[in-house]
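Work through the exercises below with the sequence and the coordinates at hand. Try each task before reading its solution.

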Amino acid sequence: MSDVPASPAPGAPSPSLVSTTLIIYGLYGLAAVIALAAHGFWPVAPLGGVVGIVAIIMAHVKRGDAAGTWLASHYRWLIRTFWFSVLWGVLGWIIFWVLLIILVGIVIAYAIWLATTIWVLYRLIRGYLLFKDSQPVPGM
């Protein structure tokens, strides 16, 4: 008998990578809940706080390890979720400051920030449901 642990099948992710992906989903979820607790209007984006930044760093570091597995689509999904939420958050701030003079900027910016938070939650829930079934994210 060999003392060498069995390696995963080709194309199958390692158990530690699966665990890391689950941690990233959890950190993203925590960041989104923190944003909602702040009335849905996080200063930059729902995932822009410290928890979200830790998660995106982890996602970028582990992305290469996921290449060739069903988790690769989840990493792309998570990374894109973060960066698009930042994009929409910044757009909300630009509209807020440009249109602040006529007061409509506040309403539009808050609507953008709230919609972004809801969109992030949708992506997290959809991605996690596929993840728990060991399915790739379609279209990624």
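This is a predicted model: local features need pLDDT of at least 70, side-chain atom pairs count only at pLDDT 80 or more; totals for chains, interfaces and linings use all residues.

Residues are numbered from 1 along each chain as its sequence is written, and side-chain values use heavy atoms, with hydrogens and water left out.

**Exercise 1. The chain**

Task: State the secondary-structure pattern of the chain and describe its burial, contacts and surface.

Solution. Step 1: assign helices (DSSP runs of H or I, at least four residues) and strands (E, at least two), numbered from the N terminus. The chain has four helices and zero strands, and its pattern is α-α-α-α.
Step 1: apply the burial classes, in which buried means under 20% relative accessible area, exposed over 50%, and partly exposed in between (1.4 Å probe, protein chains only). Of the 140 residues, 36% are buried.
Step 2: take contacts (heavy atoms within 4.5 Å). Among those with a separation of 6 or more, 71% link residues 24 or more positions apart.
Step 3: compute the accessible surface (Shrake-Rupley method, 1.4 Å probe; for residues, only the protein chains shown count as cover). The total is about 7900 Å², and carbon and sulfur atoms hold 74% of that area.

**Exercise 2. Met58**

Step 1: Met58 counts as partly exposed because its relative accessibility is 25%.
Step 2: Ile24 is 34 residues from Met58 along the chain, and their C-alpha atoms are 7.1 Å apart.

**Exercise 3. Salt bridges**

Task: Find the salt bridges, each a side-chain nitrogen of Lys or Arg within 4 Å of a carboxyl oxygen of Asp or Glu.

Solution. Step 1: the count is two.
Step 1: Asp65 and Lys62 pair at 3.4 Å, N to O. Both are in helix α2, three residues apart, about one turn of the helix. Asp65 is partly exposed because its relative accessibility is 48%, and Lys62 is partly exposed at 27%.
Step 2: Lys132 pairs with Asp133, with 3.3 Å between the closest N and O atoms. Lys132 is partly exposed at 47%, as is Asp133 at 45%.

**Exercise 4. Arg123**

Task: Is Arg123 buried or exposed, and which side chain does it join in a polar contact?

Solution. Step 1: Arg123 belongs to helix α4, residues 104-132.
Step 1: Arg123 is buried and has no salt bridge. Lys and Arg count as positive, Asp and Glu as negative, and His and the chain ends are not counted. On that basis the nearest side chain of opposite charge is Asp133, 18 Å away.
Step 2: a polar contact is a pair of N or O atoms within 3.5 Å; within protein, one must be able to donate a hydrogen and the other to accept it, and residues adjacent in sequence count only if both atoms are side-chain atoms. The side chains of Arg123 and Thr81 form one at 2.6 Å.
Step 3: not counting residues up to four places away in sequence, Arg123 touches Trp77, Arg80 and Thr81.
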